[in-house]
Structure formats: C-alpha cells, structure tokens
Amino acid sequence: MAIIAVIEKEFRMFFRYPLRVFSSILVGIVFLLQFVFFGQAVLGGRYSQLLASSTGIGDYPTYALVGYVLWWLSVSPMEAYVWGIRRELQRGTFETNIAAPVRITELLLGIALSWLIMDSLLMTVVFAFGALIFHISITFSILLKSLPVLMLSFLAFLGFGFIFAGLVMMLKHIGPFAQIFEFSMLFFSGIFFPLGVMPGIVVEFSKILPLTHSVSAIRGIFIGKSYSEIAPSITWLILLVFVYWLIGYAIFRWAERVTRVMGYGGY
Amino acid sequence: MKAIEVRELRKSYPKKIPLPFRKVQWVEAVRGISFEVRRGELFGLLGPNGAGKTTTIKMLTTLLEPSGGTAAVLGHDIRRDAREIRKRINLVAEGERTLYWRLSAYENLKYFARIYYVPKSEEKERIEGLLKLVGLWERRDDLIMNYSRGMKQRLAIAKALINDPEVLFLDEPTLGLDVQSALFVREFIRKLVDEQKKTVLLTTHYLGEAEELCDRIAIIDHGRIIALDTPEGLKRLVKGEDAVEIKVRDFPAEKLEKFPWKLAVVKENTERGTVTLRGQVDEDDLPKVVELLVKSGSRILSVEQKEPTLEDVFIKLTGRD
Ligand SMILES: Nc1ncnc2c1ncn2[C@@H]1O[C@H](COP(=O)(O)OP(=O)(O)OP(=O)(O)O)[C@@H](O)[C@H]1O
Ligand SMILES: [Mg+2]
C-alpha cells in the first residue's frame with residue numbers, strides 16, 4: 001500500500017538524524033517542566049482544591065501531564081500539513097508526488113499519520129519522564145483503558161488536521177496562522193487550568209474542539225472513572241470525528257480544484 | 001493512435017488566489033497551441049524563458065488544469081483520465097530538488113516505485129537495473145544531498161523510468177549541467193527512443209540540443225507555436241540566406257531595436273567589452289550594416305559568413321536570441 005511507503009519515507013528522514021530526535025524530546029520535556037513548575041508555584045503546591053472540585057483531578061502534575069501530552073498529539077497532524085507539506089511544496093518534491101498515480105488524499109493522510117506516530121513515540125518518552133519525576137502513579141489497567149479513547153482521539157485529530165491539508169496546498173504559507181491556533185487550543189481545551197474559570201461562551205466554544213473531549217475522557221480514566229461515566233465525552237468525540245472528516249474533505253476538494261488552476265509549485 | 005494530441009490548448013494563471021467573489025487578473029501563459037507527437041518520436045519544445053514550455057508540460061502531465069482547448073495523452077483526455085495517464089507516463093520536472101535529498105538513491109527509487117504501483121516482485125530488479133543504467137549503482141546508498149548536479153539529474157531520470165512509462169516528459173533536462181553530464185543525458189535520451197521505443201517530449205532553450213536530439217521541433221514563443229518541423233525542415237526556412245556574425249566592441253545594445261535588419265546578440269564578453277551579433281544579411285546589405293554599426297559608435301573586430309543553423313531560424317522568427 002502506498003500509504004505504508006509514505007510512512008516509511010517520513011520515518012527514514014526523521015530518524016536519520018538522532019540529534020534531531022533527541023532535541024525534539026528535549027523541547028517536549030522543557031516545555032512540560034515549565035508549565036508544571038509554573039502551575040505549582042502559583043498553586044503553592046501540587047494539590048488544588050479548585051481543580052479537584054471542577055474536574056475531579058486535584059493533583060496538578062497529573063492534570064497537566066495528561067493535558068499536555070494530548071495537546072501535543074492533537075496538533076501533530078496540523079503541524080504535518082502546515083510545515084511538512086509546505087516544505088515539500090517549496091522544494092518541489094510535492095509535485096513529484098502528485099505526478100504519480102497515487103491518490104493525493106493517501107499521500108496527505110500518510111504524512112499526517114507518520115507525524116502522529118512519531119509524535120506518539122516522542123510523547124511516550126516525555127510522558128514516562130513526567131510520570132517519573134512528578135511521581136505520578138500509573139497502572140497498567142489505566143493505560144489499557146486509555147488506549148481505545150486515544151485511538152478515537154487520533155481519528156478526530158486527523159480529521160481536524162485535514163482541514164489544514166487543503167488550506168496549505170492552496171495558501172502555501174499558513175504556519176504562523178496555524179501556530180496561533182495551536183496555542184489557543186492550549187487555552188480553549190483546559191490543558192493547564194480548568195475550563196470552569198473561563199466565561200460561559202468559551203466553555204461552549206471549547207466543545208467543538210476534539211482535544212477538549214479527549215482530555216476530559218482520559219483524565220476521567222486516570223481518576224478511575226468507567227467508560228459509562230465518560231460516555232458524554234466519547235459521544236462528542238465520535239460526533240466530531242464525522243464532522244471534521246466531512247469538513248476537512250470538503251475543504252480539501254475545493255482547495256485541490258483551486259490549486260490545479262494555480263499550480264502546485266508556483267512560488 | 002498518437003502518443004500526444006494537443007488542440008488549441010490554453011492556460012492563464014490567476015495573479016492572486018481565485019477565491020469566490022474575488023476579482024482576479026489572469027496572465028496568459030499558453031495561448032492556443034496545437035501539435036501531435038507520434039509514438040516513438042522524440043519531440044522538442046524549443047523556446048526562450050517564459051515561453052510557456054513548463055506550463056505546457058504541466059498541463060500534459062495532468063498537474064495543471066488547462067483554461068481552454070483539449071489534449072489527450074495515449075488516447076486519454078488530460079482532464080478526465082488523469083489517473084490512467086499518470087500510470088503510463090512519467091516526467092523529469094524542472095529544477096534540482098525534485099527528489100528527497102535526505103534519502104539515498106535506492107530509498108528514493110523504492111519510494112517512487114511504491115507510489116507508482118510497481119509490482120513488488122519486480123521492484124528490486126527494476127531499481128537495480130535503472131541505477132546501473134544511469135551509472136549510480138555504486139553510489140546507491142549515498143544521500144542525494146551529497147550528489148553532484150549531474151548525478152541528481154541522472155537519478156531524476158531513473159525515477160522517471162520507474163514505472164516503465166510509454167511517454168516521458170522532460171523539462172529542460174540538461175539545464176545547469178556541465179558539458180560531460182549534459183552529453184550523457186542527451187545520449188541517454190536518444191537511446192531511450194531508439195532502443196526502448198519510448199516517446200519523449202522534451203523542452204529546452206538550447207538550440208543545439210534541440211537540433212541534435214529531436215526528430216521534430218516546435219518553436220514556442222509568448223505562448224504560441226511559431227514553427228513546427230524537423231530540424232532540417234526548419235533550417236530550410238533560412239536556406240539561401242547567409243548568416244553573418246559580426247564581432248564588435250563598445251556596442252550600444254539599445255540601438256539594435258532600430259536596425260532594419262534582424263540581428264541578435266549571440267555572445268557577450270563583458271570582460272573584453274565585445275559583443276557578437278548574428279543574423280541574415282544579404283551580401284549587398286553588408287556594407288550598410290557595417291556602416292551603421294560604425295556610426296553608432298562601435299568598433300568592428302571581425303565579420304564572418306556562417307552556415308545557417310537553427311539559431312538563425314530562431315532569430316528570424318523571434319527577432320531575438
Ligand atoms: N504558477 C504560476 N503563476 C503565475 N504565473 C506563472 C506561473 N508559472 C508560470 N507563470 C508565467 O507563465 C509564463 C510561462 O511560464 P513557463 O514557466 O511555462 O515558461 P517556460 O517556457 O517554462 O520558461 P523557462 O525557460 O523560464 O522555464 C511566464 O510568463 C511565467 O511568468
Ligand atoms: Mg520552464
């Protein structure tokens with residue numbers, strides 16, 4: 001299958017430079033430490049009554065670690081498009097790919113999937129590191145129970161990211177715009193502080209972001225909730241999978257038509 | 001069936017992204033061209049920068065939507081049957097970076113074999129055969145970024161043969177190569193047509209290359225085909241007319257436009273301040289040309305009669321080099 005070839009190619013190029021892999025992990029860890037220590041400094045300790053009452057998790061490092069790792073994964077497909085595809089557009093390799101009989105959607109998905117898998121590997125290391133230094137106890141059953149929710153989240157993230165696939169083909173340089181978007185997701189999905197402290201309208205808006213529900217479901221699993229207790233989040237996620245795949249695909253089809261008029265290189 | 005059939009093909013590019021409700025201006029790049037390429041033919045599109053060569057290739061390889069006219073490759077409409085066409089053709093695009101520099105030659109070909117649906121059972125043999133054919137087998141595991149320009153181009157050609165295409169499109173295949181590499185590439189292309197019976201459409205702005213290599217040539221300028229024939233046929237256009245090369249010093253180039261003869265600058269040596277002009281000038285007119293040049297302040301260094309070449313056809317048709 002062509003998609004496997006795309007993934008293999010992306011992996012080869014990424015892991016060819018061990019130093020880059022190492023620095024990516026380092027960036028992930030430094031970023032995490034900053035947020036957790038900052039949060040603890042403000043709270044004056046690792047436990048927060050406000051967090052406990054509004055989200056069920058009172059332990060700030062656990063709260064932040066789960067949110068942070070999922071946030072990183074949720075923006076991975078977006079990053080794959082706005083940086084990965086843009087790089088190929090700029091260099092000209094994208095056109096070499098398009099000229100092949102493989103479907104463009106397969107190429108684009110392959111790239112997002114590669115980045116998502118690579119980021120998952122990086123985040124596994126970051127997560128393990130965070131769990132270790134903040135003494136977060138994780139059981140095997142929590143991990144096992146999180147897995148299906150994680151897969152469902154990935155589906156939603158891929159669909160959400162696909163919106164950017166079409167946009168980058170057509171508009172080329174949207175990295176800075178996407179970055180604003182990525183960081184505002186930190187804000188709007190309750191990654192480092194509970195959504196409850198935000199105005200009602202923000203809380204409503206946050207519901208259309210897959211990350212919000214993914215984070216809330218997995219945090220639920222971490223404090224021992226059963227699937228039926230996190231059913232609302234899962235229902236939302238399933239709904240958003242369909243919504244974003246549809247929107248993403250529609251935008252892609254339109255962008256592809258426009259791009260074929262302008263040319264895939266062209267700058 | 002013809003390998004390629006082009007009827008009144010047109011292309012305009014929007015100056016801005018054509019979003020709904022946005023008024024955009026369009027630039028005409030190809031203004032209605034028609035030609036046919038037979039199977040097993042080596043056909044050349046010859047034209048200066050901006051003539052519309054790349055635009056034409058991109059439309060025929062289904063990478064770009066035409067604005068008007070029709071074209072068929074191997075009997076398939078380029079608008080409707082893009083996928084079918086892509087399976088049976090391939091191209092070497094313009095530019096140096098059409099392959100992955102961070103992969104080795106072998107890894108690049110393996111990747112493209114997969115996205116061209118080369119049967120798994122043939123993959124290994126085909127890649128090995130191609131790498132040997134272009135002389136890169138020994139260097140197969142080196143990253144492309146360490147390749148010379150010539151090696152990169154040879155690999156781009158190997159990639160273009162990965163699906164054993166019936167029609168091959170080559171956009172300025174020798175651009176930027178040194179003499180040795182360019183020679184290799186030209187001989188290689190000729191062999192593809194003679195020995196493997198491939199159909200090749202190539203673009204070039206080197207007259208010598210087109211003359212030496214192509215079975216037929218279409219001269220394209222400002223998006224229009226202004227002549228189409230065999231190299232011999234094209235040269236007949238200037239037969240009987242003498243080509244003259246005049247080498248001068250201190251030549252004011254802006255004067256050339258007002259000359260009543262079509263002369264073009266074919267060589268310029270800025271270090272020495274000399275310029276070589278070329279064009280068709282009758283024996284009777286020659287003294288007048290020389291006189292005019294002298295009057296405009298230049299010093300004549302030499303005047304030579306030359307055999308007419310494709311260059312003279314080009315100068316005659318376009319008024320420039
Ligand atoms: N993507 C694009 N958007 C807008 N205009 C373009 C685009 N590509 C080409 N053009 C314009 O179309 C015309 C034809 O360009 P094209 O690249 O086809 O010429 P060419 O014959 O390949 O020239 P060169 O020898 O420079 O490669 C030029 O005027 C060029 O500026
Ligand atoms: Mg060109």
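With which side chain does the side chain of A:Ser189 make a polar contact? The partner is the side chain of A:Thr212, at 3.3 Å; a polar contact is a pair of N or O atoms within 3.5 Å, where within protein one must be able to donate a hydrogen and the other to accept it, and residues adjacent in sequence count only if both atoms are side-chain atoms.

## Basis of the model

This is a predicted model, in which local features need pLDDT of at least 70 and side-chain atom pairs count only at pLDDT 80 or more, while totals for chains, interfaces and linings use all residues. Residues are numbered from 1 along each chain as its sequence is written, chains are lettered from A and ligands numbered from 1 in the order in which they are written, and side-chain values use heavy atoms, with hydrogens and water left out.

## Two serines in loops of chain A

A:Ser189 occupies the loop between α8 (175-188) and α9 (200-206) of chain A; helices (H or I, at least four residues) and strands (E, at least two) are DSSP runs, numbered from the N terminus. A:Ser189 has a relative accessible area of 2% and is therefore buried, a class defined as under 20%, with exposed over 50% and partly exposed in between (1.4 Å probe, protein chains only). Apart from neighbours within four places in sequence, A:Ser189 is in contact with A:Leu195, A:Leu209, A:Leu211 and A:Thr212, where contact means heavy atoms within 4.5 Å.

A:Ser48 is found in the loop between α2 (18-43) and α3 (49-55) of chain A. Its relative accessibility is 5%, so A:Ser48 counts as buried. The side chain of A:Ser48 reaches the backbone nitrogen of A:Leu50 at 3.3 Å.

## Domains of chain B

For chain B, the domain assignment gives domain 1 (4-97 + 142-149 + 161-229) and domain 2 (237-318); such bounds come from an automatic or database domain assignment. The C-alpha centres of these two domains of chain B lie 32 Å apart. Eleven residues of domain 1 are in contact with seven residues of domain 2. The two domains of chain B bury about 700 Å² between them, with carbon and sulfur atoms giving 87%; buried area is the accessible area (1.4 Å probe) that two parts lose on being put together, summed over both.

## Sheets of chain B

An open sheet of four strands has the order β12-β13-β11-β14 (chain B) with antiparallel pairing; two strands pair if DSSP finds at least two bridges between them. Its edge strands, β12 (263-269) and β14 (299-306) of chain B, each pair on one side only. Within chain B, β11 (residues 243-249) and β13 (residues 274-280) pair in the antiparallel sense over seven bridges, and B:Val248 stands opposite B:Val275 in β13(B). Helix α10 (residues 310-318) of chain B packs on the sheet, touching β11, β12 and β13, and its direction makes about 80° with that of β13(B); axes are lines fitted to C-alpha atoms, for helices over the stretch in contact, and angles run from 0 to 180 degrees between N-to-C directions.

Another open sheet consists of six strands in the order β6-β7-β8-β3-β9-β10 (chain B), with mixed pairing. The edge strands here are β6 (89-92) and β10 (224-229) of chain B.

## Interface between the chains

Between chain A and chain B, 34 residues of chain A are in contact with 35 residues of chain B. The area buried is about 3400 Å², of which carbon and sulfur atoms give 58%. A:Pro101, A:Arg260 and A:Val261 supply 22% of the area that chain A buries against chain B, more than any other three residues.
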